[in-house]
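Q: I would like to learn how to read pairs of charged side chains in a protein model. Could you take me through them step by step?

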Amino acid sequence: MFNILIVEDNTEKLRTIFETLGSIQGIDVDLIDHDVDSFGAKKRLKEKFYDLLILDIAIPLRKSEVVDLEGGIKLLNEILQRDMYKVPSHIIGLTAYEEVLIKAQTEFASSILSVISYSSTDIEWKTFLHNGVEQRFHS
């Protein structure tokens with residue numbers, strides 16, 4: 001089984017991610033885990049190994065807090081540096097914020113990762129996500 005964790009706090013974006021993943025043969029979206037903040041994601045990553053982490057770059061530390069534009073980068077750095085986490089085989093970052101896209105690409109490029117620019121008005125990101133996940137799922 002191919003385990004996927006999505007860390008995304010925007011419900012519309014999350015719905016679209018689930019739709020995109022659901023179009024990939026062999027992926028059951030009902031088995032995908034989801035968290036909306038860094039705290040919840042860290043708990044899951046301590047307990048379970050994921051083949052793929054889809055990580056929003058702008059996430060809050062906790063559900064009750066405001067969004068940190070670099071929250072996903074901070075989470076990524078922590079899970080890569082501390083042995084307590086089960087580091088996913090593949091990590092794909094998503095961001096709708098141009099100002100953090102470059103920084104995220106730099107951070108993610110130094111690891112096993114890629115970053116996709118999300119847009120609610122453009123579907124190109126869905127193609128990148130679909131192809132990236134499908135390639136990893138079927139390899």
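Q: Which side chain meets that of Arg 15 in a salt bridge at 2.3 Å, N to O?

A: Let us begin with the general idea: side chains of opposite charge can pair when their charged atoms come close. In this predicted model, the side chain of Arg 15 meets that of Glu 19 in a salt bridge, with 2.3 Å from N to O. Both residues lie in helix H1, where they are four residues apart, about one turn of the helix.

Q: With which residue does Arg 15 form a salt bridge whose closest N and O atoms are 2.2 Å apart?

A: That residue is Glu 12, whose closest O atom is 2.2 Å from the N atom of Arg 15. Glu 12 and Arg 15 are both in helix H1 (residues 11–22), and three residues, about one turn of the helix, separate them. Arg 15 is partly exposed because its relative accessible area is 39%, a value between the limits of 20% and 50%. Glu 12 is likewise partly exposed, at 43%, and Glu 19 is partly exposed, at 45%.

Q: Where in the chain do Lys 13 and Asp 56 lie, and are they buried or exposed?

A: The side chains of Lys 13 and Asp 56 meet in a salt bridge of 3.1 Å, N to O. This pair links distant parts of the chain, since Lys 13 is in helix H1 and Asp 56 is in strand E3 (residues 52–56), 43 residues apart. Both Lys 13 and Asp 56 are buried.

Q: How many salt bridges does the structure hold?

A: The structure holds ten salt bridges, and a network of them links Asp 33, Asp 35, Arg 44 and Lys 48.

Key
Residues are numbered from 1 along each chain as its sequence is written. This is a predicted model: local features need pLDDT of at least 70, side-chain atom pairs count only at pLDDT 80 or more; totals for chains, interfaces and linings use all residues. Side-chain values use heavy atoms; hydrogens and water are left out. A salt bridge is a side-chain nitrogen of Lys or Arg within 4 Å of a carboxyl oxygen of Asp or Glu. Helices (H or I, at least four residues) and strands (E, at least two) are DSSP runs, numbered from the N terminus. Buried means under 20% relative accessible area, exposed over 50%, partly exposed in between (1.4 Å probe, protein chains only).
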